[in-house]
Amino acid sequence: MSSPVPELEARATACADRVREADEILLASHIDADGLTSAAIASSALERAGVPFETVFCKQLGADELAAIAATDYDTVLFTDFGSGQLDIITEHESAGDFDPVIADHHQPADADTEFHLNPLLFGLDGSSELSGAGASYVLARALEPDGGDNRDLAALAVVGAVGDMQISDGELVGANTGIVEEGLDAGVVETGTDLALYGKQTRPLPKLLEYATDVYIPGISNDQNGALRFLNGVGIDLKENGDWRRWVDLTADERQTVASALVKRAMRKGVSATKIDGLVGTTYTLAAEPEGTELRDVSEFSTLLNATARYDRADVGLAVCLGNRDAALERARTLLKNHRRNLSEAISWVQSEGVTKEENVQWFHAEDRIRETIVGIVAGMAVGANGIDRNVPIIAFADEDDENVKVSSRGTPHLTRKGLDLSVVMKTASQAVGGDGGGHNVAAGATVPKGTEKEFIERADELVGEQLG
């Protein structure tokens, strides 16, 4: 077997051998789209390898969660999409004989290590942009293949995880992710193309597709319902068919080209920069086995569907969809998605109306209990670039986690990380300074801090970002 990521092949093989030795395994994973796809990939690989397992999900992996895992009867625990940042606690349990850890993760490791630790950062690869948790799990799954087996079909889920973890860079997946995409293409489960880089091409009515497309803001179209309609009417294509709004997927190739060209011309006329206009087009990733016009066909929409499950305490639903349940689980996921979209819309409106507080180097808002702590990071990322929210400054968001703790989420941009921003360091250092803990990636990270320490946390975070960006 040739590994999709050669740099990780030896470590993946060692981890796979350790997994095969286990009588049974506890599979523990994170609850976002990357975590759900990681768990689905790992569970499929374990089942095919004949290794008994049970799956649990955690919204965060702290001392309490690890103590609960240690209290189970499992001697081997496979952590996916987290574990690296908690190595200091995990290795204490390992030394105590509570369990043997195997980790497939891509987050910044803590200052400890264990033998069976599969993480791109240990091998010179960027875990923020080159390989996701699902990607690490996929590399392990390929190493776990039984004789004559082929786990390359799981590349589809790995691509969903990477895109869901915001690893698109300059319009496409890069680095080690490209090896996984290639395997997905070879296996016939992934298709790529060049198209408008807009979210919702499979399911959104055309006017909504353009109205909600704000990553590249086009005056008179973005966030403008009537403007989007006027633009489309002026292009000269039929917007409805049998009384129903057409979607991007319903257009012919010529119609798509007509709309795309008109959109670029409008952006140029409105003074949108050439760099941003380039961002209107990118590489598309679709899942060949899924029906056109559904949330599962486009990897971005698939990842949003998954976020709508586990972030609302229904990880079982998201996992079932990943594993192929297209009946009850998919219908439940779609219901959760409607609720998720409503919550995001209301949260974004609240942030825009309340505004953010600007410090010297960061901007922030505190939602308290108005925004669910499991989605406040998504809201922060979506808010960047909206009215009054500076795209060139990192944003930090707070939301109540419980009576004693506050969830902190932070988001930057690739432009800022290229200048030296590392929010993983900022979140970890600032949170530990106030009695909490955190970590993540350079472009997106989180933490948990005690209530009442937010002001001190912001002061420290602002200072750290200032040092990083000079």
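Student: Across which strands does helix 2 lie, and at what angle does it run to strand 1?

Tutor: Please bear in mind that the model is predicted. Helix 2, residues 33-49, lies across strand 1 (25-29), strand 2 and strand 3 (76-80). Its direction is at about 160 degrees to strand 1.

Student: What is the strand order of the sheet with five strands, and what is its pairing?

Tutor: The order is 2-1-3-4-5 in an open sheet, and the pairing is parallel. Strand 2 (53-57) and strand 5 (117-118) are the edge strands, each pairing on one side only. Strand 5 is joined to strand 4 (residues 100-104) by two bridges. Within strand 5, His117 is the bridge partner of Ile103.

Student: How are helix 2 and helix 5 oriented to each other?

Tutor: One considers the separation of the axes and the crossing angle. The axes of helix 2 and helix 5 (residues 133-143) come within 8 Å and cross at roughly 10 degrees. Angles under 35 degrees count as roughly parallel, and the two helices, helix 2 and helix 5, are therefore roughly parallel to each other. Helix 2 contributes Asp34, Thr37, Ser38, Ile41 and Ala45 to the contact, while helix 5 contributes Gly133, Ala134, Ser137, Tyr138 and Ala141. By class, the contact of helix 2 with helix 5 comprises five nonpolar, four polar and one charged residues.

Student: At what angle do helix 13 and helix 14 pack?

Tutor: Helix 13 (residues 315-322) packs on helix 14 (residues 328-354) at about 125 degrees, and their axes are 9 Å apart. Helix 13 and helix 14 are therefore oblique to each other, and their crossing is left-handed. On the helix 13 side the contact involves Val317, Ala320 and Val321; these meet Ala329, Leu330, Arg332, Ala333 and Leu336 of helix 14. The contact of helix 13 with helix 14 has seven nonpolar residues, one charged residue and no polar ones.

Student: Which strands stand at the edges of the six-stranded sheet?

Tutor: That open sheet has the order 10-11-12-13-15-14, with mixed pairing. Strand 10 (357-358) and strand 14 (437-440) each have a single partner strand, so one side of each is left without a neighbour in the sheet. Strand 10 pairs with strand 11 (residues 363-366) in the antiparallel sense over two bridges, and Gln363 in strand 11 is the bridge partner of Lys358.

Student: Where does helix 17 lie?

Tutor: Helix 17 (residues 423-433) lies across strand 12 (395-400), strand 13 (405-411), strand 14 and strand 15 (444-450). Its direction is at about 175 degrees to strand 14.

Definitions and conventions. Residues are numbered from 1 along each chain as its sequence is written. This is a predicted model: local features need pLDDT of at least 70, side-chain atom pairs count only at pLDDT 80 or more; totals for chains, interfaces and linings use all residues. Side-chain values use heavy atoms; hydrogens and water are left out. Axes are lines fitted to C-alpha atoms, for helices over the stretch in contact, and angles run from 0 to 180 degrees between N-to-C directions. Helices (H or I, at least four residues) and strands (E, at least two) are DSSP runs, numbered from the N terminus. Angles under 35 degrees count as roughly parallel, over 145 as roughly antiparallel, 65 to 115 as roughly perpendicular and the rest as oblique. A crossing is left-handed if the near helix is turned anticlockwise from the far one by less than a right angle, and right-handed if clockwise. Contact means heavy atoms within 4.5 Å. Ala, Val, Leu, Ile, Met, Phe, Trp, Tyr, Cys and Pro count as nonpolar, Asp, Glu, Lys and Arg as charged, and the others, Gly among them, as polar. Two strands pair if DSSP finds at least two bridges between them.
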